[in-house]
Amino acid sequence: IIDLTKTENIDETVKVLQVEKEGKPSLETLKKEWNVKDHRVITDKEFLKDKPLKNARGEQTGTKFVNRIAGPFQKMIVNRAVSFGFANPVEMDTKAYDAGTPEDKIIKAIEKILYSNKTKILDRQIARELYRATEVAEVWYYVKSETHEDYGFPCNYKIKVKVLKPWENDVLYPKFNEFDDMVAFSRGFTVVRDGKKVEMLDVYTDEEMKRYSKGETGWIEEKIDVEKNVIDKIPVIYATQDQAEWSDVQYDIERLELLFSKHAEINDYHASPKTFIKGTLTSTPEAGEANGILQGGIDSDMKVISWGQSPDSIKLEIETRLENIHKFTQTPDISFKSIKSMNQISGVMLKMLFMDAHLKVMEKSEIWEGYFQRRYSVLKS
């Protein structure tokens, strides 16, 4: 990789670096599933068709636009996962060192760096980005400043962090060797120059940092303030997972939204009682008239048709789909209705209610323990 970035054939360099992770879900699809107004039940007219209105001769006279009801299930799944995992801030577990020792100074400096960069908030943002976009990264860098002792020793720079978010059009290109060690990391993004969007690529290795921009004739290298990587480590922490948090229950969500929409149509049709008249109707009450009277002929008959209750099969499927969404994503149903239905609300019952969430946090630690260990290693350097 280092030899590659030192060649004069920059177009070939960028071609090798701009390789995305295999099997990565489509970000466009994930965004449609995340945004309620873009859900299939609302946008796909074949998935849920509007109804044609016809007259007595069978001729279409208009269109009845059906109810289209969607819910933010994807956001609920992700936000609850973030809250259970990061409601309590991440803490470094370090053994105590005597005050004034180099180890003690390093620990205190790292704590001050984390505090100044508001990482308690950033950790939640990073987790949310990973759970919905399936990958996220943060890059640590320093900027020159006036001499200060904010970190416990004199220095003329500030250490800062930027979160790289695919949701906000950052394109991440990690490069790993056969031992799964990161050997380079690139970030694709766009900037506006002279009213035109320019494609950019930042490249980080353990020796250097490069920036390329795409011009009319190809890629060119740009001059940046810092090229040499003084810490001898790639200053990027990267995390990825195979799919978004809701992917396993996406079909359940779409089916549930379809059921809600069709059930709303049934309610609209059956909510008001209908009158069935046999024979000749001679008079009707005025619209809105109280105690109105219907008058008919000698052989006329009238019945009021009303809907007693919705079919149990629809109710059962709605309940099953909702249960699947909570069960398969390990998202506890913590609604007031759910807790109220418990016979006894005790500490043990509440622990059982939240057990799935705790198990999910433990499973996610396979990602986060390595992530934070890498972060502290970079900051220490």
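Q: What radius of gyration does the protein have, and what would a compact globule of 381 residues have?
A: The protein has 31 Å, but a compact globule of 381 residues would have a value near 21 Å. The radius is taken over C-alpha atoms, and the globule rule is 2.2 Å times the number of residues to the power 0.38. The C-alpha trace spans about 105 × 65 × 40 Å along its principal axes.

Q: What kind of model is this, and which residues and atoms count?
A: This is a predicted model: local features need pLDDT of at least 70, side-chain atom pairs count only at pLDDT 80 or more, and totals for chains, interfaces and linings use all residues. Residues are numbered from 1 along each chain as its sequence is written, and side-chain values use heavy atoms, leaving out hydrogens and water.

Q: How many helices and strands does the protein have?
A: There are twelve helices and 14 strands. Helices are DSSP runs of H or I with at least four residues, strands are runs of E with at least two, and numbering starts at the N terminus.

Q: Why are α5 and α9 called roughly parallel?
A: Helix α5 (residues 73-86) and helix α9 (residues 312-328) pack at about 30 degrees, with axes 11 Å apart. Axes are lines fitted to C-alpha atoms, for helices over the stretch in contact, and angles run from 0 to 180 degrees between N-to-C directions. Under 35 degrees counts as roughly parallel, over 145 as roughly antiparallel, 65 to 115 as roughly perpendicular, and the rest as oblique. α5 and α9 are therefore roughly parallel.

Q: Which residues make the contact of α5 with α9?
A: Phe-73, Met-76, Ile-77 and Arg-80 in α5 meet Leu-322, Ile-325 and His-326 in α9 (contact means heavy atoms within 4.5 Å). By class, five are nonpolar, one is polar and one is charged. Ala, Val, Leu, Ile, Met, Phe, Trp, Tyr, Cys and Pro count as nonpolar, Asp, Glu, Lys and Arg as charged, and the others, Gly among them, as polar.

Q: What makes α5 oblique to α7?
A: α5 and helix α7 (residues 119-133) pack at about 140 degrees, with axes 9 Å apart. That angle makes α5 oblique to α7. The crossing is right-handed.

Q: Which residues of α5 and α7 meet?
A: From α5 come Val-78, Asn-79, Ala-81, Val-82, Ser-83 and Phe-86; from α7 come Asp-123, Arg-124, Ala-127, Arg-128, Tyr-131 and Arg-132. This contact of α5 with α7 divides into six nonpolar, two polar and four charged residues.

Q: Why is Ser-186 called buried?
A: Its relative accessible area is 0%. Buried means under 20%, exposed over 50%, and partly exposed in between, with a 1.4 Å probe and protein chains only. Ser-186 is therefore buried. Ser-186 lies in strand β6 (residues 182-193). Beyond four places away in sequence, Ser-186 touches Leu-17, Val-171, Leu-172, Tyr-173, Leu-201, Asp-202 and Val-203. In the whole protein, buried residues make up 34% of the 381 residues.

Q: What makes Asn-229 buried?
A: Asn-229 has 3% relative accessibility, so it counts as buried. Its place is the loop between β9 (218-222) and β10 (236-240). Neighbours within four places aside, its contacts are Thr-205, Asp-206, Glu-207, Glu-208, Met-209, Ile-234 and Pro-235.

Q: Why is Thr-240 called partly exposed?
A: Its relative accessible area is 28%, so Thr-240 is partly exposed. Thr-240 is in strand β10. Among the residues that Thr-240 touches are Lys-21, Leu-130 and Ile-367. The C-alpha atoms of Thr-240 and Arg-128 are separated by 12 Å, although the two are 112 residues apart along the chain.

Q: Why does Pro-72 count as partly exposed?
A: Pro-72 has 47% relative accessibility, so it counts as partly exposed. Pro-72 sits in the loop between β2 (60-64) and α5. Its C-alpha atom is 9.5 Å from that of Lys-37, which is 35 residues away along the chain.

Q: Why does Asp-194 count as exposed?
A: Asp-194 has 82% relative accessibility, so it counts as exposed. Asp-194 is in the loop between β6 and β7 (196-204). Its phi is positive, about 55 degrees, although Asp-194 is not a glycine.

Q: Is Gln-330 buried or exposed, and what is its relative accessibility?
A: Gln-330 has 18% relative accessibility, so it counts as buried. Gln-330 lies in the loop between α9 and α10 (336-340). Gln-330 is not a glycine, yet has a positive phi of about 55 degrees.

Notes. Left-handed = near helix turned anticlockwise from the far one by under 90°.
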